[in-house]
Amino acid sequence: MLEVADLEVSYGKIKAVKGISFSVGEGEVVTLIGTNGAGKTTTLRTISGLLRPSAGRIVYQGKRIDNVPAHDIVSLGIAQSPEGRRIFPRMTVEENLMLGAFSRTDHAGIAKDLQAAYELFPILGERSNQAAGTFSGGEQQMLAMGRAMMSRPKLLMLDEPSMGLSPLMMKRIMSTVRTLQEQGTTILLVEQNAQAALKLANHGYVLEVGKVVLSGTGRELLSSDDVRKAYLGEE
């Protein structure tokens, strides 16, 4: 579904992504793990069209998208739930969700997907008229994911969905990722909790300072001594 080849991204003279390549197959969960500054968020923002690569290519469903505007990338079927949630705090839960459907005109489909978001995250439906800024961090994460799903993406990119959440809420978010995959959504996951991410993932890629240094199935990376020492806190 997605192929990233020899991707390079720079901020001025600083090269944040240094020629990475990876692929995401339809129906898979693929995770990018690595320390802060490894280039994970930059990679997602470039796929989303928010940043432009200085070299390499991004191919989605057979079509190059590295020069496609961000709003058109959403229409093609790629949505991102950003790091830090980025919800609109003064707007209601329902208004935030409806913003996720800004590129759509099929009103019946939008209404159906709104109900699907409420079924996936019942708290959103129970408090649909409440200001989103009054939600806890975990509830805001549910809202950010629900908003991304409102564009009816084929590929959902999640950037640090468990950041700052309690262990219980993190388990709930990860369980939802599995549910979305079972419902047919392909997922590209950037996650600080490497163990949780690799347990979910069909494939994983380890990034260090803008380069892919390891790749394999989730199970292979979980059993890798290098990954266990560097990212799982094990000796």
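Helices (H or I, at least four residues) and strands (E, at least two) are taken here as DSSP runs, numbered from the N terminus. Colleagues, this is a predicted model, in which local features need pLDDT of at least 70 and side-chain atom pairs count only at pLDDT 80 or more, while totals for chains, interfaces and linings use all residues. Residues are numbered from 1 along each chain as its sequence is written, and side-chain values use heavy atoms, with hydrogens and water left out.

I begin with Q140, which is found in helix α6, residues 137-149. Q140 counts as buried because its relative accessibility is 16%; buried means under 20% relative accessible area, with a 1.4 Å probe and protein chains only. Beyond its neighbours within four places in sequence, Q140 is in contact (heavy atoms within 4.5 Å) with R85, I87, A132, G133 and F135.

Next, the strands. β1 (residues 2-11) and β2 (residues 14-24) pair in the antiparallel sense over 8 bridges, where pairing requires that DSSP find at least two bridges. E3 stands opposite S23 in β2. The two strands form a hairpin with 2 residues between them, and G12 in the turn has a positive phi of about 65°.

Finally, E28, whose place is in the loop between β2 and β3 (29-33). Which side chain of opposite charge is nearest to E28? That is R178, 11 Å away, and E28 is buried yet has no salt bridge, a term that requires a side-chain nitrogen of Lys or Arg within 4 Å of a carboxyl oxygen of Asp or Glu. A polar atom of the E28 side chain does lie 2.8 Å from the backbone nitrogen of G25. Not counting residues up to four places away in sequence, E28 touches Q181, T186, I187, N202 and H203.

How values were computed
Buried < 20%, exposed > 50% of the residue type's maximum accessible area, 1.4 Å probe, protein only. Lys, Arg positive; Asp, Glu negative; His and termini not counted. Polar contact = N/O pair within 3.5 Å; in protein donor to acceptor, adjacent residues only side chain to side chain.
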